[in-house]
Amino acid sequence: MSQASSRNQSVAVAVALLGGGITIAWYSSRYLWPTTERTLESVSSSSSSSSSSSSSSSSSSPDVPIQEVECSQRQPTKEESKLLRILSPGTISIVHASITGTCEKLAEQLYSELSALVTNRVVQVGSVQEWDWWDELLNEDDEGDVKDDEGDVKHNKVPLPVLILLLPTHTNGTWPPFAADTLERTLQDVQHDWRVQSLFLKNKLQVAIFGMGSSEYDDTMGRPARECVRHFQKLGAKCLLRLRVGDDAVGDHAKETFHQWNMELQRKLKVGKKEESDTSSKDCACGAEAKPNGGCHQHAKEPFEVEDEHADYESDEEDEEDAEEPTVMDLEDMGNAMASEKKQEGNGEPREMVTPRQAEQLKKEGYKLIGTHSAVKLCRWTKHQLRGRGGCYKHTFYGITSYQCMEATPSLACANKCVFCWRHHKNPVGKEWRWKTDDPQFIVEQAVQTHVNMIKVTKGIPGVQMDRWQEAHTVRHCALSLVGEPIMYPRINEFLSELHHRDISTFLVTNGQHPHAIESLLPITQLYVSVDAPTKESLIAIDRPLFQDAWDRLKQSLVSLKNKGQRTVARLTVVKGWNSDEVSGYAKLIALGHVSLVEIKGVTFCGKSDASNLNMSNSPWHHEVVDLAKTLRAELNRIRETDCAVPQYDLACEHKHSCSVLLARVDQFLEISSEGKRQWHTWINYPKFQELAARHEADPSFTFHVKDYTAPTPKWALFGAEEEGFDPTDTRHRKATKQPKYTQYDDRGIPTHDHTGQPLAEEERQRLFQLMEARMREIGTGSTVTELRGGAKEIQDASLMFRGLVVSI
């Protein structure tokens, strides 16, 4: 069959499969070499002709004009050429489905190396989203193929195409969303489509697959890569080499595993040598006859590989129905390597938590490492209040002195990989403690000393008030929310006691994945549980937990708070498009714990990161957080109608600068005088707490409760106050050259006051209203969520179009 006839037959099949029309115009044009230039009219014309001829003989269809491309000795740059087809002879296609950027970096590294080494193939690299996989797999460029009587390719003038896939592991072992919507779905559909012949990729495609994952996620590590191998085997593709999976939870295992896999791949590709043109005629990728039971004669037993003599990587069965399920190694035989990472060599002692690479990354982020698993970092609010520019929301809500607060953690490891984590996942992960354990007294002593040293350095910052700078040398508060999960530290109670002995208050934040540790925790100043999502599904999506039963653990942790006598907090981090809906779900979770306080805080966008899919549109405005808080209060009141044991909550404080609102229990924090005046007591009497904590330590039978150490909340900190949570003893600082263009808005989001606080003219307000109406006609009313490539979500809302605008002065 001529090349043109073969192409037109493919178009005819496409018409039958997809229904013709404009879809087929695109489908047939995608079949062509990417260098072909065609106008829209010519595409429509050729596709129409192909569609009309599909009902008769495909050979009568007019030829599709193409421009042939020959393999060049020089590798084209990514900028100089478009991506060639996956089944184009003589191509090596490196495809990644990167989530955090790791697989993309590995793909770029591989592209760079192969481009420099390969002399008779075209190497290309791209994301899995850049190909239409149904089209790519069902249509190939077969110019130069010589077929036998049965129609199978006997010899190729150029080497068979090679597909190299680098696949990470997503939540619960699933494929990355964009890869699932493209490649995975295509492989499943094609495999079960009766119109596609079995083993149709036999002698047409060679594949090599590398997976990434974390052994902390139990048996889900590398699952997409394993499934991908099975799919391609069932479709008849030949696997060049064994699947390997890099473990990013074990030191440099991923890097070392990829290096060995890469070396084996290059050996299979015979890079730097003249390739044999009849490689595909052999049974094995190495060019030799296959062993009777499958596998390769040249395959050596290497680290991280499964020694499986019966693993079949070629799918040579004549009938798919008679084919046995292909054997694919699950995680490779990583036992020895992982054991050597998890145990120090020679003495069998537990290894240190932080690897040298992780330590380097954390230090670049500004962390000061303490011992083998702890850290401190100077909070920006500490520096702000040192300069008299305002304190953090804890200053507004609870009366801490921000410049005397130390942000620390006794455990850098965490059991979640939250999408909103501003630490960018540079820290280790783990479900249980398996590392060296430093002495708690040593950690506290070194943490305080390191923090004070950082305070000393701030003396030269312009605007630092020397009286505050002197006081800052004495640490009075510790926010255990820096990074990681502090409650994982096995000696956490000793650590907390050591802080209390130094008259340092304790604010501990846990992600709710260790309920038993919460139950055994000694009384602390304030205990937080992060409630990041209202449903099980959204919790998995946003927290990406290691534990399979993360939802049940969260609920059990909240129930454990009910029995705590001290202040407890449910902390909600609002991420628009991810967890800002289904407020009734939040209310049900909060009702489980009868928590003292509920903090609702908008997520802070910390810039683009390979480890996060967030963008600026995911950060809510303060008025949106206020609306959510009001809705949550109403939902809690609705629950109280049927369950009177659930406490009553009301809006107590707000801190606009942090987009934070505080709901507090009326029975614990609100006092109403005989004259009917309401007085909130959300602030803390810190000396009184230290006194009570010391009595409990001396006599564990002594108990104390929330009301025993409350203090009145100042008026400026209350919800609805003119100061909006900003301490009037400080001075609000804005950039000298830019001011918000508008300072007040009506309920619709239309500006009412300019940057000086003066009311806008009616004509100007009407003009702005018309602009908003036009925008609403374009994108609709309310918020719309658009799913972007890579799993990101973009939020559009016409009512927000004027917020964030600035004016130069």
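**Strand pairing and burial**

Tutor: Four bridges join E12 to strand E13 (residues 505-510), and the two run parallel. This is a predicted model.

Student: What makes E12 and E13 a pair?
Tutor: Two strands pair if there are at least two bridges between them. E12 and E13 have four, so they qualify. In E13, Leu 508 is the bridge partner of Leu 480.

Student: How do you know that E11 pairs with E12?
Tutor: Apply the cut-off of at least two bridges. Three bridges join strand E11 (residues 405-409) to E12, in parallel. Therefore they pair. Glu 407 stands opposite Ala 479 of E12.

Student: Which way do the residues of E12 (residues 477-480) point?
Tutor: His 477 and Ala 479 point one way, Cys 478 and Leu 480 the other way. All are buried.

Student: Why is Val 125 called buried?
Tutor: Buried means under 20% relative accessible area. Val 125 has 4%, so it is buried. Its place is in strand E2 (residues 122-127). Its C-alpha atom is 9.2 Å from that of Ile 164, 39 residues apart along the chain.

Student: Why does Arg 544 count as buried?
Tutor: Its relative accessibility is 10%, under the 20% limit, so Arg 544 counts as buried. Arg 544 lies in the loop between helix H17 (536-543) and helix H18 (550-561). It has a positive phi of about 45°, although it is not a glycine.

Student: And why is His 594 called buried?
Tutor: Its relative accessible area is 18%, again under 20%, so His 594 is buried.

Key. Residues are numbered from 1 along each chain as its sequence is written. This is a predicted model: local features need pLDDT of at least 70, side-chain atom pairs count only at pLDDT 80 or more; totals for chains, interfaces and linings use all residues. Side-chain values use heavy atoms; hydrogens and water are left out. Buried means under 20% relative accessible area, exposed over 50%, partly exposed in between (1.4 Å probe, protein chains only).
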